[in-house]
Amino acid sequence: MRRLIGFACEGETLAATLDEAPGTTGLLIVSGGNEIRSGAHRGMAILAQRLAATGTPVFRYDRRGVGDSTGHNGGFLSAEPDLIAAAAAFRNAAPNVTRLIGFGNCDAASTLALFGRSAGFDKVVLANPWVIEPIDDLPPAAAIRAHYRTALRDPATWRRALSGKLNFTNLIKGLLRIVQTDQESRNPLASRVLTAIAAWQTDAAVILARGDATAIAFAAAAGAAVPSETIDTDSHSFTGPAAAALETALRRNLA
């Protein structure tokens, strides 16, 4: 059964959804960006329903200022109180839960890495963690470099260049953006998130979408220091066939 729950966070009221199940391991899903708790294309709502059907209780919530929750949206770095309050509300609503696992995509993954211990999580599953300090409106340099590496191996790229169909303005912008890679790799957010993930040791699992710009940027920042599982998709939110692969990865980490 799915039920709606309201709980308090620093004087505001946060909205949550609990997919009830008898299991003792519970999954708390944190929404990324300004996404509401149902997720992109209702992906998180569908995932919660499927996991609950096989015994895993799942809790989702909107942080302050997002979706049905009141208050001001201060972004993912100010969401520690929301996460702590959500974990407490989950435990209160599902007293059968004795082991708490968090899952988040994008900046929600970074929220969990940074603040999950203070909220009492036993383990976190982090998809495409956000480690990018914004510089401009272009994708991360690592993602641009990966794109050009693939494109320059494709004969179609050279045919477009010879026929005048290649946008050289965008090409120049992309090449200039690549030289900023060192600036990105030394950014304070990346260092902070990577340090937080390392502190979890084996209690953190990282999942990356192979062709996603955010995932590519994370992989470039982390190098070989952070083990990860890669799902073969360009979809940042693991839509389409990638949804089943994400569910399989989550079930493995819930076991």
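Good morning. I begin at the start of helix α9, where a side-chain oxygen of D212 reaches to within 3.3 Å of the backbone nitrogen of T214. Please note that the structure shown above is a predicted model.

Let us stay with this helix for a moment. Helix α9 covers residues 213-222. Which of its residues are buried? They are T214, A215, I216, A217, F218 and A222. Just after α9, G223 takes a positive phi of about 60°.

I turn now to the sheet. Eight strands form an open sheet with mixed pairing, in the order β1-β2-β4-β3-β5-β6-β7-β8. The edge strands, each pairing on one side only, are β1 (2-9) and β8 (229-231). From one strand to the next, the twist averages 25°.

Within this sheet, consider β6 (residues 123-127) and β7 (residues 204-209), which pair in the parallel sense over four bridges. In β7, A204 is the bridge partner of V124. Helix α3 (residues 107-115) packs on the sheet and touches β3, β5 and β6. The direction of α3 makes about 145° with that of β5.

Finally, a pair of helices. How do α1 (residues 43-53) and α10 (residues 242-254) pack? Their axes are 11 Å apart, at an angle of about 50°, which means that α1 is oblique to α10. The crossing is right-handed. Thank you.

Notes: Residues are numbered from 1 along each chain as its sequence is written. This is a predicted model: local features need pLDDT of at least 70, side-chain atom pairs count only at pLDDT 80 or more; totals for chains, interfaces and linings use all residues. Side-chain values use heavy atoms; hydrogens and water are left out. Two strands pair if DSSP finds at least two bridges between them. Helices (H or I, at least four residues) and strands (E, at least two) are DSSP runs, numbered from the N terminus. Axes are lines fitted to C-alpha atoms, for helices over the stretch in contact, and angles run from 0 to 180 degrees between N-to-C directions. Contact means heavy atoms within 4.5 Å. Buried means under 20% relative accessible area, exposed over 50%, partly exposed in between (1.4 Å probe, protein chains only). A polar contact is a pair of N or O atoms within 3.5 Å; within protein, one must be able to donate a hydrogen and the other to accept it, and residues adjacent in sequence count only if both atoms are side-chain atoms. Angles under 35 degrees count as roughly parallel, over 145 as roughly antiparallel, 65 to 115 as roughly perpendicular and the rest as oblique. A crossing is left-handed if the near helix is turned anticlockwise from the far one by less than a right angle, and right-handed if clockwise.
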